[in-house]
There are 4 protein chains.
Amino acid sequence: VIEQKTWIIVRYGETDQMGYVHHSNYVLYLEEARFDLFTSHGLDVAALEQEGIILPVVSMEIRYVLPLHFGDQITVETRLKTDNKFKLELKYRILNQDQKLVAKANTALVFVESKSGKLIPGFHKYLDPLTLKEEMIS
Amino acid sequence: VIEQKTWIIVRYGETDQMGYVHHSNYVLYLEEARFDLFTSHGLDVAALEQEGIILPVVSMEIRYVLPLHFGDQITVETRLKTDNKFKLELKYRILNQDQKLVAKANTALVFVESKSGKLIPGFHKYLDPLTLKEEMIS
Amino acid sequence: VIEQKTWIIVRYGETDQMGYVHHSNYVLYLEEARFDLFTSHGLDVAALEQEGIILPVVSMEIRYVLPLHFGDQITVETRLKTDNKFKLELKYRILNQDQKLVAKANTALVFVESKSGKLIPGFHKYLDPLTLKEEMIS
Amino acid sequence: VIEQKTWIIVRYGETDQMGYVHHSNYVLYLEEARFDLFTSHGLDVAALEQEGIILPVVSMEIRYVLPLHFGDQITVETRLKTDNKFKLELKYRILNQDQKLVAKANTALVFVESKSGKLIPGFHKYLDPLTLKEEMIS
């Protein structure tokens, strides 16, 4: 299993007039956690973009369990599923500084040829170094 | 059925380096559409907040079908489901200027007493004027 | 003088826990107003980008006079100065629905060749159709 | 002199279709840096808000010198000026991972009684512990 833990501090500007973090900002936390996992496992999205390959998000689901406040120190636990040939699926758990579950989420991304807009089949080649590296560790 | 159509133009700052609208900004479009429906049907969220009642989002699901670009003129079709006693459930369809489906989404909100954090049961009282108004029209 | 008035409604997600619009979001209002002026006067930024010319912001100054609230209906009055050969300078006044001054701002943009990062001198050619059009009107 | 250095990594969602960080996001970097300085020097904005005192930004000026890219690791150097009785003035320099100057900025904030909207004169009482602490160190 490919996993990553990412530590993020809530910014003031991420709150709304309810006094909690606005629900749209969790999307940015998930993205930061996802890129942290990618970078830690050798998947360089910026380099792929230079080659004309992009990774758009095709679906996202978030369940908000507890509110977040300015200054909260959260941990995002991200897990990459590798059993789908066409989608890069990730699962997330966001915990606050008291180790309480704040939110759960799923996202799915695909590898797309930027010019044509076509899905890239068998994208696991981009994950191989990543998977191999992980297997060597575990 | 309580429905609303909301027209939004994509801002430049909502794009990302892929050249499309960043997926987090769809959350803001859904929110704008939802408040448009609320306002058009007599539900005044700001007034409720003054009374100590808030409406946090408890879940959200988005499926991204087609990319959006700077300057695109989108229509968000929002539909309010009223058969759940505890959750305010909304369904959305986002269409671009060519009437093509860009995204589908669901959100659920709850009415919460701000001080205590307790769910407010039987929240339909806040929807009554709205529902009644709608029934008079249809 | 090249001027434009742009009408914007404040989004809920643009507020922060003070209960006012977060000061970073004024930057998006200015941008929306600026693009509204551009579009109304024939300057197509997206088309220029296709040709490899970009318009980054090089400076920005905002004075916040009165707070803005969720749902406020603001008017941005934008004025383009054309007397600087190298910078596209704009002045803005943001008014609320009571016609009270909410904020004043200045921004400066430059035309840059995307690949080389070089400033494009004599950029007024891009403004000519715009200026001419304006002069024909006035 | 009261100073602070804050280290921030650029998020993917902070880029725009030019391929650089959108200029509005520098405002969030400045804010994160400012709160870092506040927290490190004993000024607890959240606690003040509980007492009904808020710190809105009243002016902001940013000069953009070099573009920022996704993944860049920036340092914000923040300096608090304490010679103005009514405004909390801060100066910022943003450097990239190559120690090149990316942007310079100034912001001014005021202490306001939330209910009345009145400026709080002689706000240095909030800064005293901070200033004293600093003087003991230097």
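This briefing covers a sheet, the helices on it, a symmetry relation and some salt bridges. The model is predicted. Its chains C and D share an open sheet of 10 strands, paired in the antiparallel sense. Chain D superposes on chain A by a rotation of 180°. Over all chains, the structure holds 29 salt bridges.

**The sheet**

- Strands of a sheet pair through backbone hydrogen bonds, either parallel or antiparallel.
- Here the pairing is antiparallel, and the strand order is E1(C)-E4(C)-E5(C)-E6(C)-E3(C)-E3(D)-E6(D)-E5(D)-E4(D)-E1(D).
- The edges are strand E1 (2-9) of chain C and strand E1 (2-9) of chain D, and each pairs on one side only.
- On average, neighbouring strands of this sheet are turned by 15° against each other, direction ignored.
- Within chain C, strand E3 (residues 57-64) pairs with strand E6 (residues 101-109) over seven bridges.
- Met60(C) has Thr107(C) in E6(C) as its bridge partner.

**Helices on the sheet**

- Helix H1 (residues 25-40) of chain C packs on the sheet. This helix touches E1, E3, E4, E5 and E6 of chain C, together with strand E3 (57-64) of chain D.
- The direction of H1 of chain C makes about 130° with that of E1(C).
- Helix H1 (residues 25-40) of chain D also packs on the sheet. Its contacts are E3 of chain C together with E1, E3, E4, E5 and E6 of chain D.
- The direction of H1 of chain D makes about 130° with that of E1(D).

**Chains A and D**

- The rotation of 180° that superposes chain D on chain A has 0.0 Å of shift along its axis, and the RMSD is 0.0 Å.
- The two copies are therefore related as by a two-fold rotation axis.
- In chain D, the C-alpha nearest the axis belongs to Ile8(D), 5.4 Å from it.
- The same surface serves both copies, as 100% of the contact residues of chain D recur in chain A.

**Salt bridges**

- Glu31(B) and Arg34(B) meet through their side chains in a salt bridge (4.0 Å, N to O). They are three residues apart in helix H1 of chain B, so about one helical turn separates them.
- Glu31(B) is buried at 3% relative accessible area, and Arg34(B) is buried at 2%.
- Lys81(B) and Glu89(B) form a salt bridge at 3.8 Å, N to O. Lys81(B) is partly exposed at 32% relative accessibility, and Glu89(B) is partly exposed at 21%.
- Glu61(D) and Arg63(D) form a salt bridge at 3.5 Å, N to O. Glu61(D) is partly exposed at 24% relative accessibility, and Arg63(D) is partly exposed at 43%.
- Lys5(A), Glu77(A) and Arg93(A) are joined into one network by salt bridges that share partners.

How values were computed: Residues are numbered from 1 along each chain as its sequence is written. Chains are lettered from A and ligands numbered from 1 in the order in which they are written. This is a predicted model: local features need pLDDT of at least 70, side-chain atom pairs count only at pLDDT 80 or more; totals for chains, interfaces and linings use all residues. Side-chain values use heavy atoms; hydrogens and water are left out. Two strands pair if DSSP finds at least two bridges between them. Helices (H or I, at least four residues) and strands (E, at least two) are DSSP runs, numbered from the N terminus. Axes are lines fitted to C-alpha atoms, for helices over the stretch in contact, and angles run from 0 to 180 degrees between N-to-C directions. Contact means heavy atoms within 4.5 Å. Copies are superposed by least squares on the C-alpha atoms of residues with pLDDT of at least 70 in both. Buried means under 20% relative accessible area, exposed over 50%, partly exposed in between (1.4 Å probe, protein chains only).
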